[in-house]
Structures are given as structure tokens and as C-alpha cells.
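These are my notebook entries on a structure that I had not examined before. I record what I looked up, entry by entry.

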Amino acid sequence: MEALVLAIVAIVVIAVTTAVAPKVRIAGPLLLVAIGLGVSLLPFVPGVDIDPEIILVGILPPLLYSAAVQLPAIEFRRDFGAVAGLSVLLVLISSVALALFFNAVVPGLGIYLALALGAILSPTDAVATAIVRRLGISRRVVTLLEGESLLNDATSLVILRVAVAIAVTGSVPAGGVLGTFLWGVFIAVVIGAIVGWFNLRLRHLIKNPAANTAIGIVVPFVAYLPTEELQGSGLVAAVVAGIVTGQGAARWFTPEQRMSDELNWRTIELVLEGGVFLIMGLELKELLQQNLEDDQGIGHAAWLAITAFAIIIVVRTAYVALLVWLQSRRARRKLASRDRLESFNERIDAIENGTLPPPGLPAPPDRGDRFAPRDPVRRQRRIDLMRGRVTRALADLDYYQASPLGWKHGTVIVWSGMRGVVTLAAAQTLPVDTADRPLLVFVAFLVAVGSLMLQGLTLPWVIRMLRIDDSAADVVNRVEQERLDGELREAAASALSSPSLVKRDGSRFEREFVERVGSRFTEPPDEEASATLHEALELRLVMIVAMRERLTELSSGGVYSTAVLRQSLAELDADQLSIELRLDDNDD
């Protein structure tokens, strides 16, 4: 009963804090940490000691899965190299730098436990992404931060697992450190992709909304548990399952499923993430008491934490500076190839017209200068494939040109590297017989909470001081949205002229009715126009299906950003659900 009451109070506090945070201009997680800190210091509140498995197994998989479902895959692909560097290489460099420091200043710790502590302090927290997104920074920076916070947890936990195993057993795991890491990532990607694929197919078959939601909630755990049993990274598996689900949702899920999933996962994410930040604050008293009993006191822990935080910032600054320089150089090199890509497009047109032979398909000798291949279907398929690649490459160039990375964006990326949930949970997985364990856990706590408070509270000020101008990206978004709306209206107009135009029950529309009413649905929206007749609503549903199919085709080309595609999909879903409700009322 007591646990139930505490859970109810915690959920109410999380909900109220989330509602109040925007009004006081402080991120909700930061307020929750402060509330937890204040409550923990009350004399009648006992010390709180949460089993780290609750966070690592019960909370992190659904949290990361929920974020992965919303990951902008197109932008993620474009900056995958940068995200991988931040998630893997930077974590490794930071872990080694911190290990050298802790091994030198903490007597008797040993290099492998020092490496374990370095891995604990290296991953960033996703709370920075919410702050940056709210402050209007370009979606490219948000994507980099999202991708980093999703994947670097797995890197740090794998390093932690290997380092602790060596420290305890004194022997390197079979396959070596690198082999163990690669296997952990490989098996996670495989299992996560399989789970995501089955999730899409199974939920496509199950029409009951409640049953469908129940299956969706267990997906991250289905990906996590077998991966961990096979010595892989369960968190990476949950992320991969989320990415696969998020990218296939437009094709396999109904509008009701997509809208229900979005609301459900936002609620789950709110409660779980808020609970973890509350726990971070509540655990302060127990950690303080343990370190006050130590001869060196909390001053020694504070010195270690401040120095470790400084090392983290220095390493991150150097790495991000190199990253921004390399990305800018890469973008300039790619932009210089625009003329060559556009000329290649003209060559593809010539191939399609028959004036040039497609690669690998030589012209028959008896056709003169006209090239008609023996297999027209294969020829057209190859032409479409080449045109798609060129179109995708040109779209990537537009993205790099509209969202360049400069030193100001690099500064935001550096200062957004807050530590949080994973750092605290991972610190508590250190073996109980580890020398100076309370000190090490307290150092991790100070770095996590200190960075959240310092960087989280000052990040809005830093962004205002930098005066970053991303207005060009906003203009591109509006132009993109208008262009996409035009393509969808063209798809709807094409469906109107199709001989297969039928209602939901398979019956046909009257041609005169289609010609009279159909144009209303293919023109830009007019608030005064209304189609309340049963036939008009049925026709609108057909248009929505045609536009969604076209939207699915466009989503794989990279021409439109993920944000614009998802906005249009949400509008179509909402429109369809509204029309179906009206039709059901009319049928009743």
C-alpha cells in the first residue's frame, strides 16, 4: 500500500512539474531533480537506494525505444557518420581520458575499474535534446544530439561490462575487448531488426485497439531480453526495433494505431523519465551519508567530480571542433559536385528517351542510334533506380546547404552534452566489494546532477548569446511543406481519373458526381467549402488513401525532411479518422 501511495504521488508531481516547467522557463527534468534533492534532505525522509536493474532493464529500454520511433531516419542517414563518431569514438576517448585521471588520483583503484568509471561518466542524456528543440535550433543539431543520446548508452555499457569483467576475473573475455564490442552491437542490430519487422506485421493483423497497444508496449523488452542473454547490447536492440517500427508505421499501421501510439508513448516516456530524475534527487541523502563517513569527506568527491567534468568538456570540445570542421569540409566537397549530378540527370533522360544506352545494357546492332534493350521492364527498373539515387543525392545537397554546421552549432553540441539517467544507473552496477565504491558512485552522481543543473540551466542563455540564425532552414521547411502538399494533391487528382475508383464497400461512384465534387479535394483547402454528403465523404477517403500511398513513396526518396513528411501524415490520419467517425454516425 505504501509503495502504491508513493507511486501515485510521484506521478502527480511529474505531471504538475511538466505543466509548470514551460511557465517558469526551466526544463521539467531539472525541476524534478531539484524536487528530489529537496525531499531527500528532509529529516523524516529515509535514504533511498534503488536497484539499478530497475532502471537498466525496466526503464531504459522503453525510453530509448520511444525516442527511436520518432527518430528522423532521413536526417539520421545523412549524418550517420557524425552520430556514430559521437556515440562510439567520443565515448571511447572520454572513457580512456577519465580512466587515466582516476587511476592516477584514486589509490588502489586499478586501470580497469578506472576505465569502468570513465565509461559510466561518458554517455550524454537525452534531456538536452528537448531543451534544444524547444529553443528553435536547426533540426540537424537536434538529430545529432538525439542520435548520440540513443546510441552512446550502449557503447558506455559495453565498455563498462568488459572493464568490470576484467577487473573482477583478471582475464580478458573470449574474443577480446574489440570482438566483444562488435558482437554486442551485431547481435543487437540483428535481433532488433527482426523484432521490429515482426512487430509491424503482427500489429497490422490485429485490429483490436487495446490488444494492439498491449503488444506495442512489450516490444522494447522483447528486443532487449534475448539480446542480453546472447551477450549483446539490449539497449541497441531496443533502439533498432524502434527505428524499424517508426519507419514502417506509415505503411503498416492504421491512422488510429499511429495516433494512439504517439499519445501512449509520450505518456510512458513522461512518467518513466520523470521518475528517474526524481530518483536521482532522492538518492542524494544516502550517498551523502556514505561519503561523510569516509575519512576524506565529500570535499574529495567534489574535487574529483569537478575535475572529471572539466576533462569531459575539454575532450568533447576538441572532438566536436574536429567534427564540425570535417563536416563542413565534406559538405563543401559534396556541394561542388552538384553540376556533375545535374548533368547526370540529363544523361538519364537521354537513356530513357533511347538516345544513350543504359549501363550494362548495350544496344542491339540493328537499331542504329536508337537503343531499345531486349528487356524493357528491366531497362526501366534500372533507369528508375539511377534516377532515384541522383534525386536522393541532390536532396542531400539541399539539406547540407540549408543546415550548415558552424562553430556556433558546435558550441551548442558541446554544451548540450549533459550526463543523466544512464550515468547514475550504471554507477550502481559496480561490484559491491569494489574499493571506494560509495566514493565512485557519489562522483558519478555529482557529475550527472551537476552537469544537468549547470548546463541545463545555462543552455538557453548560451543559445541566446550565440544568436544563431536558422531562419533559412525555416523557410526551406515551409517551401517543402507547400511542395509536398502539391504532390499529394496531384496523387489525389490522379486517383480521381482512375478506373478503379471505388468506395469502401467496393461500389462505384457516379462519374458526374466525381467530376462535380472531386475537384474540391484536389484544390488548396478552402474553409468555406464543406462536403457533408455521404458520397463526398466516401470520395474524400479515397483521396486520402491515394495521398498516403504517394507519401509513403516519397518518404524513401530523401527529397522531403522527416518532419514535413510526418506532419503531412498526421494531417491525413486526423482527416481520415474524422471522416470515418462522421460516416459511422450517418450509417447509424
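I began with helices and strands, which are DSSP runs (H or I, at least four residues, for helices; E, at least two, for strands), numbered from the N terminus. The model is a predicted one, in which local features need pLDDT of at least 70 and side-chain atom pairs count only at pLDDT 80 or more, while totals for chains, interfaces and linings use all residues. Residues are numbered from 1 along each chain as its sequence is written, and side-chain values use heavy atoms, with hydrogens and water left out.

**Entry 1. The whole chain**

I counted the secondary structure of the protein chain and found 23 helices and 0 strands. I then looked up burial, where buried means under 20% relative accessible area, exposed over 50%, and partly exposed in between (1.4 Å probe, protein chains only). Of the 588 residues in the protein chain, 48% are buried. The chain exposes about 28400 Å², of which carbon and sulfur atoms supply 62%; these areas come from the Shrake-Rupley method with a 1.4 Å probe. For contacts (heavy atoms within 4.5 Å), I took residues at least 6 apart in sequence, and 80% of those contacts join residues at least 24 apart.

**Entry 2. Nonpolar cores**

I searched next for nonpolar cores, that is, sets of buried Ala, Val, Leu, Ile, Met, Phe, Trp, Tyr and Cys residues joined through side-chain atoms within 4.5 Å. The largest has 95 residues, and F102, I120, L121 and L160 have the most contacts inside it. Helix 19 (residues 437–466) gives the most to this core, namely 16 residues.

I159 lies in helix 8 (residues 139–169) and is buried, at a relative accessible area of 12%. Neighbours within four places aside, I159 is in contact with V91, L92, S95, L115 and A119. I also checked Y112, which is 47 residues from I159 along the chain; their C-alpha atoms are separated by 9.9 Å.

I217 is in helix 10 (residues 209–229) and counts as partly exposed, at 34% relative accessibility. Apart from residues up to four places away in sequence, I217 touches W265 and I268. N264 is 47 residues from I217 in sequence, and the two are 8.8 Å apart from C-alpha to C-alpha.

**Entry 3. Aromatic rings**

A pair of aromatic rings is described by the distance of the centres and the angle of the planes. Rings of Phe, Tyr and Trp (its six-membered ring) pair if their centres lie within 6.5 Å; planes under 30 degrees apart count as stacked, over 60 as edge-to-face and the rest as tilted. My count by this rule is 6 aromatic pairs.

Why is the pair of W183 and F186 tilted? Their ring centres are 6.1 Å apart and their planes stand at 40 degrees, so the pair is classed as tilted. W183 and F186 are separated by about one helical turn because they are 3 residues apart in helix 9 (residues 176–205). W183 is partly exposed at 39% relative accessibility, whereas F186 is exposed at 51%.

Elsewhere, ring pairs link F101, F102 and W303 into a cluster. I also noted that the charged end of R203 sits over the ring of F253, 4.6 Å from its centre; the rule asks for NZ of Lys or CZ of Arg within 6 Å of the ring centre and within 35 degrees of the ring normal.

**Entry 4. Salt bridges**

I took a salt bridge to be a side-chain nitrogen of Lys or Arg within 4 Å of a carboxyl oxygen of Asp or Glu. The structure holds 6 of them.

R140 and D79 meet in one, at 2.9 Å from N to O. R140 is in helix 8 and D79 in the loop between helix 4 (73–78) and helix 5 (80–105), 61 residues apart. Both R140 and D79 are buried.

E148 and R316 form another, at 2.8 Å. This pair links helix 8, which holds E148, to helix 14 (residues 297–335), which holds R316, across 168 residues. Both E148 and R316 are buried.

R258 and D573 meet at 2.6 Å. R258 lies in helix 12 (residues 255–282) and D573 in helix 23 (residues 562–587), so the bridge ties together parts 315 residues apart in sequence. R258 is buried at 10% relative accessibility, and D573 is buried at 3%. Salt bridges with shared partners join R258, R548 and D573 into one network.
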